[in-house]
Amino acid sequence: SGRFAFVNRKWREVLRYSEEEVSGLTLFDVIHPDSMAHCMDLFQKVIAGETVDNIEAKFIAKDGTLINVEGSASCRFENGKPASTRGIFRDVTDRKRAEEALRQSEGKYRTLFEQSRDVIYITAVEGQIIDINQAAKELFGYSRKEMLRMNARELYVNPTDRDRLHREIIKSGYVRDFEVKFHRKDGTEIDCLLTTTTRRTEDGTIVEYQGIIRDITEQKRAEEERERLIQKLKEALTKIKTLGGLIPICASCKKIRDDEGYWQQIEAYIQEHSDAEFTHGICPECIEKLYPQYADDKKKS
């Protein structure tokens, strides 16, 4: 019938029943509705003579608390007929909660891992790629399957850079914004920053590198172009001479007095203090004044 003939003290502690209360209960009074159909099937197997191991079910405590249990059950027969069933169960509620929390955490990590625009990777100390996200395909041009067959050293333009990375990790335990050049599948070189940490055993031995690769190729190009323009501007500024302030000039002959007190022709002064050059000619007023004969011919023409 499923009525309890005996339960031990631990059973009562887990399900919050007193010894007197147990006598009026059946197995089916403490099974959660979600597990009822499954447990009924197992109960039929047990009274048919089958020993059932690895049972997983949900029980309900007296106060309504959900209890996750694992265990096994068998049947005792008398005169060839089932007389009683015997079961051993353990409370695994805390473990189930921990497992569920771990699954949720792993799910969040996996979502972050796959959706990150930066490359996230795990490699062995020797460089074998253990795991890498989808962003790697966009950055390096290799499929994930191809990359899982590769050693990270194959991606370095200068393989000794990985040795430098390894030494820095040994020294500091991690690296941040470690600049390095990689090459893509098509041979294109790219500038990247690596931020890497380690996973260690209890005795401190490094077993894995875990990190992020960020592509800074365009950023580097923009910086280089900016530096080129700044340098070009500096070079241009060194060639430019400007006139400023008060310039003493003769009201009559229009000579200019320089910083040392000497009077210079205005064109000589300007050429010395700027990049301007002069070409000479005669204006119409001067032609008329200095060369009237030419002025008259010009007027006639």
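I began at Glu78, which counts as partly exposed at 42% relative accessibility. I am working from a predicted model.

**Glu78 and its partner.** I looked for what Glu78 pairs with and found Arg76, joined to it in a salt bridge. Their closest N and O atoms are 2.5 Å apart. Arg76 is partly exposed, and its relative accessible area is 33%. I noted the general point that side chains of opposite charge can pair when their charged atoms come close.

**Other salt bridges.** How many salt bridges does the structure hold? I noted 20. One of them links Arg199 to Glu208, with 3.1 Å between the closest N and O atoms. Glu208 is buried, at 14% relative accessible area. Arg199 is partly exposed, at 40%. I then turned to Glu227 and Arg226, whose side chains meet in a salt bridge of 3.7 Å, N to O. Glu227 is partly exposed at 43%. Arg226 is partly exposed at 47%.

**Ile206.** Where does Ile206 sit? I found it in strand β8, which covers residues 206–215. Its relative accessibility is 14%, so Ile206 counts as buried, the cut-off being under 20%. I listed its contacts, leaving aside neighbours within four places in sequence. They are Val125, Ile169, Ile170, Thr198, Arg199 and Arg200. Last, I looked up Pro33, 173 residues from Ile206 along the chain. The C-alpha atoms of Pro33 and Ile206 are separated by 48 Å.

Terms used: Residues are numbered from 1 along each chain as its sequence is written. This is a predicted model: local features need pLDDT of at least 70, side-chain atom pairs count only at pLDDT 80 or more; totals for chains, interfaces and linings use all residues. Side-chain values use heavy atoms; hydrogens and water are left out. Helices (H or I, at least four residues) and strands (E, at least two) are DSSP runs, numbered from the N terminus. Buried means under 20% relative accessible area, exposed over 50%, partly exposed in between (1.4 Å probe, protein chains only). Contact means heavy atoms within 4.5 Å. A salt bridge is a side-chain nitrogen of Lys or Arg within 4 Å of a carboxyl oxygen of Asp or Glu.
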